[in-house]
Amino acid sequence: MAQEIRTPQFLCLKCRYELAGFEIGQVCPECGSKIERLVDQSKLSNSKVVAVMIFGVLSLLSVVLTVVLFPFQFIIQWQLFGITCGLVAAIYAMNLRYGVRTGKIPFRSLRWIRLVSIFGWVGFVLSILLACTLLIGMLLLIMMSKSI
Ligand SMILES: [Zn+2]
C-alpha cells in the first residue's frame, strides 16, 4: 500500500483517467478534455484535510460534551464555539473539493473531505439546536421563578 502511494500517478483532473505517458496539450482519451496540467497525485499532501478535520471534530465534541454535562452546567459559549467550528469545517470542505478539481488536493482525500463536510454540518446544526434549547430552557426557568 505504501509502495503504491509512492509511484507517480498522473490522473485526469476531470475524470481521473490514468494519464501516464501523455503530455500537456494532448486530449484525455476518456473524457476528451484538454490536458492542461499533469499533477502527480502521489506528491500531493493530505495535511490541509487533516487540519480542517480538527474543526469538524471540535464542533461535534462541543455538542457531545454539552449533552453529557447539561444538567450540571449551562455553557452557551460551547455552542457558539461549536457553531463556529462546524461552519469553518463545512465551508472549508467546499474549498477542499475545489482543490481536488484544480490538482492541489489528492483524489484519495475525497472521502475524508466528505467526512469533514458531514462533521461540519452536523456539528453546526446540532450546536444551533442545542443553543436554542438551552436559551428556551433558561427563559422558562426565569419565567417560572418570577411567577412563584
Ligand atoms: Zn479525462
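Biologist: What covers the buried residues of helix 2?
Modeller: The cover includes helix 3 and helix 4 (110-147). Helices here are DSSP runs (H or I, at least four residues), numbered from the N terminus. This is a predicted model: local features need pLDDT of at least 70 and side-chain atom pairs pLDDT 80 or more, while totals for chains, interfaces and linings use all residues. Residues are numbered from 1 along each chain as its sequence is written.

Biologist: Which residues of helix 2 are buried?
Modeller: Buried means 20 or more other C-beta atoms within 10 Å of a residue's own, exposed 12 or fewer, partly exposed in between, with C-beta placed from the backbone. In helix 2, V49, V52, M53, F55, G56, S59, L60, S62, V63 and T66 are buried.

Biologist: How should I read a helix pair?
Modeller: Two packed helices are described by the angle between their axes and the distance between the axes. Axes are lines fitted to C-alpha atoms over the stretch in contact, with angles from 0 to 180 degrees between N-to-C directions. Take helix 2 (residues 47-69) and helix 3 (residues 76-101): their axes come within 8 Å and cross at roughly 150°. Helix 2 is therefore roughly antiparallel to helix 3. The cut-offs: under 35 degrees is roughly parallel, over 145 roughly antiparallel, 65 to 115 roughly perpendicular, the rest oblique.

Biologist: Which residues of helix 2 and helix 3 make the contact?
Modeller: Contact means C-beta atoms, placed from the backbone, within 7 Å. Helix 2 brings K48, V49, V52, F55, G56, L58, S59, S62, V63, L65 and T66. Helix 3 brings W78, Q79, F81, G82, C85, G86, V88, A89, Y92, A93 and L96. By class, this contact has 14 nonpolar, seven polar and one charged residues. Asp, Glu, Lys and Arg count as charged; Ala, Val, Leu, Ile, Met, Phe, Trp, Tyr, Cys and Pro as nonpolar; the others, Gly among them, as polar.

Biologist: At what angle do helix 3 and helix 4 pack?
Modeller: The angle is about 155°, with the axes 7 Å apart. That makes helix 3 roughly antiparallel to helix 4. Their contact holds 19 nonpolar, seven polar and one charged residues.

Biologist: Which helices do the buried residues of helix 3 pack against?
Modeller: They pack against helix 2 and helix 4. Among the buried residues of helix 3 are W78, I83, A90 and V100.

Biologist: Where does F107 lie?
Modeller: F107 sits in the loop between helix 3 and helix 4. With 16 other C-beta atoms within 10 Å, F107 is partly exposed. Beyond its neighbours within four places in sequence, F107 contacts L11, R16, Q41 and V100.

Biologist: What phi does R16 have?
Modeller: R16 has a positive phi of about 65°, though it is not a glycine. R16 is in the loop between helix 1 (2-6) and helix 2. R16 also has 16 other C-beta atoms within 10 Å, so it counts as partly exposed.

Biologist: How far is L135 from I76?
Modeller: Their C-alpha atoms are 8.2 Å apart, across 59 residues along the chain. L135 lies in helix 4. L135 has 13 C-beta neighbours inside 10 Å, so it is partly exposed.

Conventions: Helices (H or I, at least four residues) and strands (E, at least two) are DSSP runs, numbered from the N terminus. Two residues are in contact if their C-beta atoms, placed from the backbone, lie within 7 Å.
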